[in-house]
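Reader: I have a model open and want to learn how to read its features. Where do we begin?

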Amino acid sequence: MKHVKRLITDFDLNDKKVIIRCDLNVPIKDGVILDDNRIKESLKTIKYAIGNNAKVIILSHLGRIKSEEDKIKNSLKPVAARLSELLQQDVVFVEETRGRVLEEHVKDLKPGEVLLVQNTRFEDYPDKKESTNDSELGKYWASLGDIFVNDAFGTAHRAHASNVGVASNLPSALGFLVEKELKMLEAVINNVKHPYTVIMGGAKMRDKIKVIDKLAQKADYLLFAGGIANTFLVASGYDLKASVYDEESVSYCKTLLDKYDDKIILPVDGYANLSYEDTDKPIYVQNEAVPDKSVVLDVGPKTINLFKKYILKSNTIFWNGPVGVFEFEHFKTGTKNICELLKESNAVVVVGGGDSASAVINLGYKNDFTHVSTGGGASLCYIEGKSLPGIEIINDK
Ligand code: ADP
Ligand code: MG
């Protein structure tokens with residue numbers, strides 16, 4: 001997809017009510033934001049709108065809402081506070097996703113002021129309205145503004161009311177973050193310099209395993225780790241005991257192994273524990289001798305050495321999914337080693353995925369790679385060659 005979409009800079013924003021769909025879906029625990037990267041990445045577009053005298057209305061989702069409890073856990077309130085700090089100006093936070101209070105706050109907005117609406121997915125409970133792109137909901141949100149700007153790359157692969165729904169009812173444009181993401185990812189898709197290597201790890205197995213066939217048609221090497229690799233190792237006949245893998249994908253993984261035998265590279269060793277917990281005594285294991293009841297939580301040194309061969313000869317690398325449970329102090333070594341190798345390589349390195357991005361940022365490598373995408377599923381879809389509905393819907397130039 002060549003992007004000929006309108007950009008925020010193509011509109012006169014002066015005195016206009018500009019709805020910006022941001023991806024402020026950050027990890028929050030007990031009301032504390034653990035990683036504010038997505039908020040920071042959204043600032044450029046928001047500041048541009050403020051600087052051009054727009055009345056800024058921000059929409060974003062946060063996590064999933066399947067119960068009343070989820071609403072307490074996934075309020076955007078802490079995000080509003082952090083956004084306000086980063087912008088160094090007040091952010092009006094409206095606790096409702098629709099209704100009179102919201103409408104009055106919108107009416108009171110002055111040019112240069114910013115309002116953040118409560119988590120759009122509050123509209124997913126009790127009825128799924130946001131995620132099914134309920135047409136009334138999209139129309140309602142659109143009625144609050146004059147112009148719509150989509151800057152939420154992380155949800156661009158989904159057709160929801162807060163992106164596709166609103167865009168269907170207003171003049172629309174892309175924001176700076178989405179523009180940057182597309183430009184960087186296009187470099188991987190359209191200008192691939194071979195050898196091209198995909199490193200895939202993490203725990204979202206079923207979704208990721210589904211895209212491997214497409215990726216394998218373009219890539220020269222596929223280095224697997226985490227739950228993805230475990231599923232392939234089980235398909236190859238290894239017994240990984242209590243390790244995480246996707247039972248339902250095993251037979252499909254066998255087919256992929258037959259088809260891409262020369263491209264798929266699997267771990268040969270790792271570090272395990274007797275439960276899914278951190279420990280300061282990780283157990284070193286090889287595939288053929290994983291002790292009973294143990295869970296493999298990271299890749300081992302032989303695997304790193306094996307991966308190194310492929311990484312250092314690659315010219316393009318796309319990495320999605322940490323290679324170990326990097327959240328545990330004693331199982332982050334594999335992921336850190338991969339970061340080191342990627343830093344050492346001369347390849348164009350693009351990292352995509354919520355947890356992958358967190359890992360790269362927390363381990364201190366963000367500036368060592370060509371691009372760290374804010375979108376996991378979206379970057380995978382794009383790399384796979386699919387179009388993204390949240391972007392498709394935006395007006396052409
Ligand atoms: P991303 O968000 O980057 O796409 P995923 O959501 O698929 O990645 O997976 C990230 C999670 O995978 C992390 O929380 C990490 O702890 C977990 N993970 C990595 N390796 C393993 C493993 N061997 N066993 C279980 N979980 C793993
Ligand atoms: Mg994730």
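Author: We go through the ligand site, the salt bridges and some backbone features. Keep in mind that this is a predicted model.

Reader: Start with the ligand. How many residues surround ligand 1, and which are the closest?

Author: Begin with the shell. Ligand 1 is surrounded by 19 residues. Ala203, Lys208, Glu327, Asp355 and Ser356 are the closest.

Reader: How do the residues of that shell divide into nonpolar, polar and charged?

Author: The shell has 7 nonpolar, 8 polar and 4 charged residues.

Reader: Which elements each supply at least two residues of the shell?

Author: Strand S14 (295-299) and helix H13 (354-362) do. H13 gives the largest share, with 3 residues.

Reader: Now the atom pairs. Which polar backbone atom is 3.1 Å from a nitrogen atom of ligand 1?

Author: One that belongs to Val296. A backbone N or O atom of Asp355 is 2.9 Å from an oxygen atom of ligand 1. The side chain of Asn320 has an N or O atom 3.5 Å from a ligand oxygen.

Reader: How much of ligand 1 does the protein bury?

Author: Taken alone, ligand 1 exposes 580 Å². The protein buries 93% of that area.

Reader: Next, salt bridges. What is the general idea, and how many does the whole structure hold?

Author: Side chains of opposite charge can pair when their charged atoms come close. A search of the whole structure gives 23 salt bridges.

Reader: Take Glu41. Which side chain does Glu41 meet in a salt bridge?

Author: That of Lys180, at 3.0 Å from N to O. Glu41 belongs to helix H1 (residues 37-51) and Lys180 to helix H7 (residues 176-189), so the pair ties together parts 139 residues apart in sequence.

Reader: Is Glu41 buried or exposed?

Author: Glu41 is buried, because its relative accessible area is 15% and the cut-off for buried is under 20%. Lys180 is partly exposed, at 34%.

Reader: What does Arg206 pair with?

Author: With Asp246, whose closest O atom lies 2.6 Å from the N atom of Arg206. Arg206 is partly exposed, with a relative accessible area of 38%. Asp246 is buried, at 8%.

Reader: And what about Asp280 and Lys281?

Author: Their side chains meet in a salt bridge at 3.9 Å, N to O. Asp280 is exposed, at 54% relative accessible area. Lys281 is exposed as well, at 61%.

Reader: Which residues are linked in a network of salt bridges?

Author: Asp36, Lys40, Arg82 and Glu85 form such a network.

Reader: Now the backbone. What should I expect of phi and of peptide bonds in general?

Author: Most residues other than glycine have a negative phi, and most peptide bonds are trans. Check the exceptions against that.

Reader: Where is a cis peptide bond found, with omega about 5 degrees?

Author: Between Tyr125 and Pro126. Pro126 is in the loop between strand S6 (114-117) and helix H5 (135-142). Look at His194 and Pro195 next. Their peptide bond is cis, with omega near -5 degrees. Pro195 lies in the loop between H7 and strand S9 (196-200).

Reader: What is the phi of Gln88?

Author: Near 55 degrees, a positive value in a residue other than glycine. Gln88 is in the loop between helix H3 (77-87) and strand S5 (91-94). Gln88 counts as exposed, at 73% relative accessibility.

Reader: Where is Lys293 found, and what is the phi of Lys293?

Author: Lys293 is in the loop between strand S13 (283-286) and S14. Its phi is near 65 degrees, again a positive value in a residue other than glycine. Lys293 counts as exposed, at 66% relative accessibility.

Reader: One last residue. Which helix does Thr333 lie in?

Author: Helix H12 (residues 333-344). Thr333 counts as partly exposed, at 42% relative accessibility. The C-alpha atoms of Thr333 and Val323 are 9.2 Å apart, and the two residues are separated by 10 residues along the chain.

Conventions: Residues numbered from 1 in each chain as written. Chains lettered and ligands numbered in written order. Predicted model: local features only at pLDDT ≥ 70, side-chain atom pairs only at ≥ 80, totals over all residues. Heavy atoms only, no water. Helix = DSSP H or I, 4+ residues; strand = E, 2+ residues; numbered from the N terminus. Buried < 20%, exposed > 50% of the residue type's maximum accessible area, 1.4 Å probe, protein only. Salt bridge = Lys/Arg side-chain N within 4 Å of Asp/Glu carboxyl O. Near = heavy atom within 4 Å. Polar contact = N/O pair within 3.5 Å; in protein donor to acceptor, adjacent residues only side chain to side chain. Areas by Shrake-Rupley, 256 points an atom, 1.4 Å probe, with all protein chains shown as cover. Nonpolar A, V, L, I, M, F, W, Y, C, P; charged D, E, K, R; others polar.
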